[in-house]
Amino acid sequence: MRIEKTTVSKLKNTDFNNLKFGEVFTDHMFVCDYEDGKWNDPRIVPYKAIQIDPSANVFHYGQAVFEGMKAYKDKSGKIWLFRPTENYRRISISSERLAMPVLSENIFLPALNELLSLDKEWVKPGIGNSLYVRPFIFGSQHCIAASPSKKYKFMIILSPVQSYYSSPIRVLVAEKYSRATNGGVGYAKAAGNYGAQFYPTRLAQEEGYDQIIWTDSKNHEFLEEAGTMNIFIRIEDTLITAPTTDTILDGITRKSIIKLAKDNNINVEVRPISINEIVKAHSSGKLKEIFGSGTAVLVSEISGFGYKGKNYDLKSIKNSYSSTLKSILTKIQYNLTTDPYGWRSEVSAVKV
Ligand code: COI
């Protein structure tokens with residue numbers, strides 16, 4: 001791997017106490033090009049703008065997939081990633097669905113290790129601080145024929161972050177718009193899945209909500225995701241989450257939460273859950289919690305939802321499942337406890 005270091009670091013001029021999510025980037029980035037059936041020239045270079053031809057596939061047909069990961073620093077200064085091979089697995093699944101070439105694991109993991117080792121000073125210690133890692137691949141061939149690109153770029157950029165939401169969020173249950181449909185790309189982390197959410201989300205925000213709870217596209221009956229997160233519902237002492245299908249992203253935080261909940265004697269049901277069941281549970285006082293999970297938010301409490309013109313509020317409760325599970329997960333991620341699952345992966349530079 002070629003490494004070109006920056007001559008002017010931005011580190012000293014960065015205000016780590018006032019970070020807006022995703023607006024600040026570190027000194028370096030990883031780049032690798034796909035051409036003639038091969039990934040070529042893996043390299044780390046100073047973070048800078050790249051030149052892309054206006055005819056590149058990504059601008060016209062949207063061949064673009066990405067991942068979201070976080071790197072954490074422990075008290076001794078070691079840097080950790082959380083289940084990075086899961087991100088590798090998922091970007092491969094996403095790439096396949098978008099007719100894009102699959103990366104080899106021996107590009108993805110060494111690229112992360114090398115880049116994070118080089119920019120390790122950008123990972124600040126302390127719970128809540130992390131470096132958001134954004135690997136992405138896009139079609140870069142100069143050609144506007146509607147067919148898969150023959151050239152791609154795989155890049156990784158890093159952004160120091162704090163929390164995504166500073167307080168519990170309110171969500172609106174989708175009755176008209178859909179995030180995904182059967183046979184579509186909902187399970188892939190395709191860029192277009194996010195772009196397509198912006199308009200309905202803006203309409204919901206104009207009504208005073210933060211995000212949308214996506215429901216199935218056929219009848220708008222079963223819950224699928226909450227904004228860019230997977231969704232968990234607690235009815236009495238049972239934690240329920242929708243099964244991952246072709247319309248739901250296989251969230252790494254989601255599956256970690258399911259495992260932690262089960263191992264902490266919480267009854268978990270992975271099954272379709274309808275909005276009618278939730279409204280009923282709310283009126284009988286059995287609906288205790290709703291929360292979202294994702295890499296960026298980790299766990300985000302939902303304080304209420306809107307459905308068919310009515311608002312349903314949820315009181316914050318002591319020892320909630322969301323706060324208990326978030327705390328267990330955080331301790332594993334920051335190396336504050338043992339990791340019986342082998343989820344933590346220490347970052348170390350391995351030149352290839
Ligand atoms: C993540 O949690 O990594 C996400 O995908 C959310 C991101 C779109 C900000």
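**Close-up 1. Contacts of Ile290 in the predicted model.** Ile290 belongs to strand S15, which covers residues 287-294. Its relative accessibility is 3%, so Ile290 counts as buried, the cut-off being under 20%. Pro243 is 47 residues away from Ile290 along the chain, and the C-alpha atoms of the two are separated by 16 Å.

**Close-up 2. The aromatic pair Tyr88 and Phe108.** The structure holds 17 aromatic pairs. In the pair of Tyr88 and Phe108, the ring centres are 5.6 Å apart and the planes meet at 50°, so the pair is tilted. Tyr88 lies in helix H2 (residues 84-97) and Phe108 in helix H3 (residues 105-118), so this pair ties together parts that are 20 residues apart in sequence. Tyr88 is buried, at a relative accessible area of 13%, and Phe108 is buried as well, at 0% relative accessibility.

**Close-up 3. The aromatic pair Phe136 and Phe138.** The ring centres of Phe136 and Phe138 are 6.1 Å apart, with planes at 15°, so the pair is stacked. Phe136 and Phe138 are both buried.

**Close-up 4. An aromatic cluster.** One cluster is formed by Phe30, Tyr34, Trp39, Tyr88, Phe108, Tyr152 and Phe154.

**Close-up 5. Arginine charges over the rings of Tyr321 and Trp80.** The charged end of Arg234 sits over the Tyr321 ring, 3.7 Å from its centre. For Arg344, the charged end sits over the ring of Trp80, at 5.2 Å from the ring centre.

Notes
Residues are numbered from 1 along each chain as its sequence is written. This is a predicted model: local features need pLDDT of at least 70, side-chain atom pairs count only at pLDDT 80 or more; totals for chains, interfaces and linings use all residues. Side-chain values use heavy atoms; hydrogens and water are left out. Helices (H or I, at least four residues) and strands (E, at least two) are DSSP runs, numbered from the N terminus. Buried means under 20% relative accessible area, exposed over 50%, partly exposed in between (1.4 Å probe, protein chains only). Contact means heavy atoms within 4.5 Å. Rings of Phe, Tyr and Trp (its six-membered ring) pair if their centres lie within 6.5 Å; planes under 30 degrees apart count as stacked, over 60 as edge-to-face and the rest as tilted. A charge sits over a ring if NZ of Lys or CZ of Arg is within 6 Å of the ring centre and within 35 degrees of the ring normal. Lists of a residue's contacts leave out its neighbours within four places in sequence.
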